[in-house]
Amino acid sequence: MGLLRKFNLGLQRTKEKLLHEINRVVTDSQTLDENALEEIENALISADLGIPMTRRIVDAVKKACESRRHDGLDVMAIARGEITAAFNGAIGGLKKCDGLTVVSLVGVNGTGKTTTSAKLAHRVQSEGSRAVLAACDTFRAAALEQIKEWGDRLDVPVVAGSYGADPAAVGHDAISAAQSRSADYLFIDTAGRLHTKSNLMQELEKLHRVVGNKLEGAPHEVLLVLDATTGMNALNQAREFHKAVPLTGLIIAKLDGTSKGGMVVAIHNELELPVKFIGLGEQPDDLEPFDAQKFAEALFAD
Ligand code: GDP
């Protein structure tokens, strides 16, 4: 399936809502007057694009209105252009170091860390690289089982400690195991934690410190997994996590389950962190590197 089609399917809910509301305003309004612009503004806000991005799009529509007649004014095309520009046409993906690249996935419980670790391992394997998964969520027995199941299903080796083991020790051993297998990537699935729990955040810092002592520069990527269905709440999580552990990027999971997919734009705007991947479903292939232009096209399709 082509990338644009995957983006289209995954972002369908957000797209349908935007298309429905914006088309209604454009069709009903002879001239795009203040009321019509306000309705467009409301539609953008309700898709969680955030105030700054909403203003930017509405201003661009207003400007275009002033310089030309309403006939032929393509609000969707203007929105696509503004979104692509706001991301500077960014394209996501993973950093690759010489030797082993260590990627730590962090976030609160249930956002999609374990599934995303497995999807990432599957992706790099299908591109010809070797992956190992580290099960550092040792707090939940079910989490250990879940990642082992993924490993079996996708044929990815999993390094797991026992239930209750020190996550830092598991991370340390996982680096040795990944190196002895000449793996290209180690994906560390960390325990879900609330950014407000300082002891858990300290434990995450310890895990990162220990893997950094074991392998210089590790973790090379620290990716915060956010659940798109939580809308703007994800923004607070992102802010707090970024304060506690320096993040190198974001993964927005479950975009297929929301009509508020605009939150990707709002969060990027606010934090200026790259969006590396987006999750578009529960299957191993339902993870795609972020592509600003495709994202904008899928969100504001005609
Ligand atoms: P964790 O607690 O952060 O490790 O979260 P999990 O990986 O266990 O995921 C929680 C739930 O979200 C599971 O039921 C996953 O199947 C589901 N999930 C994860 N990513 C996606 C996604 O991109 N789309 C959808 N629809 N569901 C997802």
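A polar contact here is a pair of N or O atoms within 3.5 Å; within protein, one atom must be able to donate a hydrogen and the other to accept it, and residues adjacent in sequence count only if both atoms are side-chain atoms. Keep that in mind for the ligand site below.

First, a word on what you are looking at. This is a predicted model, in which local features need pLDDT of at least 70 and side-chain atom pairs count only at pLDDT 80 or more, while totals for chains, interfaces and linings use all residues. Residues are numbered from 1 along each chain as its sequence is written, and side-chain values use heavy atoms, with hydrogens and water left out.

**The ligand site**

| Residue | Atom of the residue | Distance to a ligand oxygen |
|---|---|---|
| Glu 282 | polar side-chain atom | 2.6 Å |
| Gly 110 | backbone N or O | 2.8 Å |
| Lys 119 | side-chain N or O | 3.3 Å |

On its own the ligand has 580 Å² of accessible area, and the protein covers 80% of this (Shrake-Rupley method, 1.4 Å probe). Around the ligand are 17 residues, with Lys 113, Thr 114, Thr 115, Asp 256 and Glu 282 the closest; a residue belongs to this shell if one of its heavy atoms lies within 4 Å of the ligand. Helix H6 (residues 113-126) gives the largest share of the shell, four residues; helices are DSSP runs (H or I) of at least four residues and strands are runs (E) of at least two, numbered from the N terminus. Sorted by class, the shell has nine polar, six charged and two nonpolar residues, with Gly counted as polar.

**Aromatic pairs**

The structure holds four aromatic pairs, meaning rings of Phe, Tyr or Trp (its six-membered ring) with centres within 6.5 Å; planes under 30 degrees apart are stacked, over 60 edge-to-face and the rest tilted. One of them joins Phe 87 and Phe 295 edge-to-face, at 6.3 Å centre to centre with 70° between the planes. Phe 87 lies in the loop between helix H5 (75-86) and strand S1 (101-106), Phe 295 in helix H12 (residues 292-299), so this pair links distant parts of the chain, 208 residues apart.

**Backbone details**

Most residues other than glycine have a negative phi, and most peptide bonds are trans. Asp 48 has a positive phi of about 65° and lies in the loop between helix H3 (34-46) and helix H4 (51-67). The peptide bond from Ala 218 to Pro 219 is cis, with omega near -5°.
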